[in-house]
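Here are my notes on this model, point by point. Please read them with the structure open.

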Amino acid sequence: MLRVEDTVQTPVEFSPELLNKFADIVSRYPEGKQKSALLPILHLVQAEFGWVSPLAMDKVAEYLKLEHIEVYEVASFYSMYFLRPQGKYVLEVCRTGPCCLVGAEKIMDHIEQALGVKEGEVTPDGLFSWRGVECLAACGFAPVLQIGPEYTFYEKLTNDSVDKLLSDLREKR
């Protein structure tokens, strides 16, 4: 299993291509308002590295001329930023009331058993991680999950449909 402490100290270097994308985003905002580029830049960092590490946040802060805490505050506030390594596919299961009433908790238990990892952990092959999330706004199709990084949406889940989904993703790899 991948542990956070195994990856936190990995040096982070932004490629010239990534820096060019940063520059393009920053250019969209008035002089002195570069903090406005923080969210899209964090998305690019996560797309490149799979998560937003403390060292990556530090480099983003330096790039945008911000205090490090300003980047940490934003990255830790929004649930779409992963502050620890994730699997290639992140299964996010809605855990709010309507989904739970029709079996979301059973689906989460099934995913845990099928993958052999607890919520927030990464499978040994690095392919999957999963977590419960707040409302995915599909109560009429519950239980539901979405899979990042593409955020593909799956509705009316059953154990069988989850098994098929996991199988399809393994084959896709």
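1. A residue counts as buried under 20% relative accessible area, as exposed over 50%, and as partly exposed in between. By that cut-off Lys 65 is exposed, because its relative accessibility is 70%. Bear in mind that the model is predicted.

2. Stay with Lys 65. Its place is in the loop between α4 (54-64) and α5. The residue comes just after α4 and takes a positive phi of about 60°. Lys 65 is a residue other than glycine, so please look at its backbone.3. Lys 156 makes a second case to check. Phi of Lys 156 is near 50°, a positive value in a residue other than glycine. Lys 156 lies in the loop between β4 (152-154) and α8 (159-172). With a relative accessible area of 53%, Lys 156 is exposed.

3. There is a cis peptide to inspect. The bond joining Ala 142 and Pro 143 is cis, with omega at about -5°. Pro 143 is placed in the loop between β2 and β3.

4. Which residues of α4 are buried? They are Ala 56, Met 57, Asp 58, Val 60, Ala 61 and Leu 64. An α-helix has 3.6 residues a turn, so residues three or four places apart point the same way. The buried residues of α4 pack against α2 (16-26), α3 and α5.

5. How do α3 and α5 cross? The axes of helix α3 (residues 38-49) and α5 come within 11 Å, and the crossing angle is roughly 75°. Angles of 65 to 115 degrees count as roughly perpendicular, and α3 and α5 are therefore roughly perpendicular to each other. On the α3 side of the contact are Leu 38, Leu 39 and Leu 42. They meet Glu 70, Val 71, Val 74 and Ala 75 in α5.

6. Together with Phe 77, Tyr 78, Met 80 and Tyr 151, Leu 39 makes a nonpolar surface patch of about 470 Å². Phe 77 lies in helix α5 (residues 68-77). The relative accessible area of Phe 77 is 64%, so Phe 77 is exposed.

7. Next, the charged pairs. Side chains of opposite charge can pair when their charged atoms come close. The count comes to seven salt bridges. One of them joins the side chains of Glu 92 and Arg 131, at 2.6 Å from N to O. Glu 92 lies in strand β1 (residues 89-94) and Arg 131 in strand β2 (residues 128-133), so this pair ties together parts that are 39 residues apart in sequence. Is Glu 92 buried or exposed? Glu 92 counts as buried, because its relative accessibility is 2%. Arg 131 is buried too, with a relative accessible area of 18%.

8. The side chains of Glu 134 and Arg 95 meet in another salt bridge, at 2.9 Å from N to O. This pair links distant parts of the chain. Glu 134 is in the loop between β2 and β3 (145-148), while Arg 95 is in the loop between β1 and α6 (97-101). The two are 39 residues apart. Glu 134 counts as partly exposed, at 48% relative accessibility. Arg 95 is partly exposed as well, with a relative accessible area of 37%. Which residues form a network here? Salt bridges that share partners join Arg 95, Glu 119 and Glu 134 into one network.

9. A further salt bridge runs between Glu 112 and Lys 118. Their closest N and O atoms are 3.5 Å apart. The cut-off for a salt bridge is 4 Å. At 21% relative accessibility, Glu 112 counts as partly exposed.

10. Last, Ala 114. Ala 114 is found in helix α7 (residues 104-115). Its relative accessible area is 34%, so Ala 114 is partly exposed. What does Ala 114 touch, not counting residues up to four places away in sequence? The contacts are Asp 163, Leu 166 and Arg 170. Ala 114 and Gln 146 are 32 residues apart in sequence, and their C-alpha atoms are 17 Å apart in space.

Terms used:
Residues are numbered from 1 along each chain as its sequence is written. This is a predicted model: local features need pLDDT of at least 70, side-chain atom pairs count only at pLDDT 80 or more; totals for chains, interfaces and linings use all residues. Side-chain values use heavy atoms; hydrogens and water are left out. Helices (H or I, at least four residues) and strands (E, at least two) are DSSP runs, numbered from the N terminus. Buried means under 20% relative accessible area, exposed over 50%, partly exposed in between (1.4 Å probe, protein chains only). Contact means heavy atoms within 4.5 Å. Patches are made of residues with over 30% relative accessible area and no salt bridge: like charges are joined within 9 Å, nonpolar side chains (Val, Leu, Ile, Met, Phe, Trp, Tyr) within 5 Å. Accessible areas come from the Shrake-Rupley method with a 1.4 Å probe; for residues, only the protein chains shown count as cover. Axes are lines fitted to C-alpha atoms, for helices over the stretch in contact, and angles run from 0 to 180 degrees between N-to-C directions. Angles under 35 degrees count as roughly parallel, over 145 as roughly antiparallel, 65 to 115 as roughly perpendicular and the rest as oblique.
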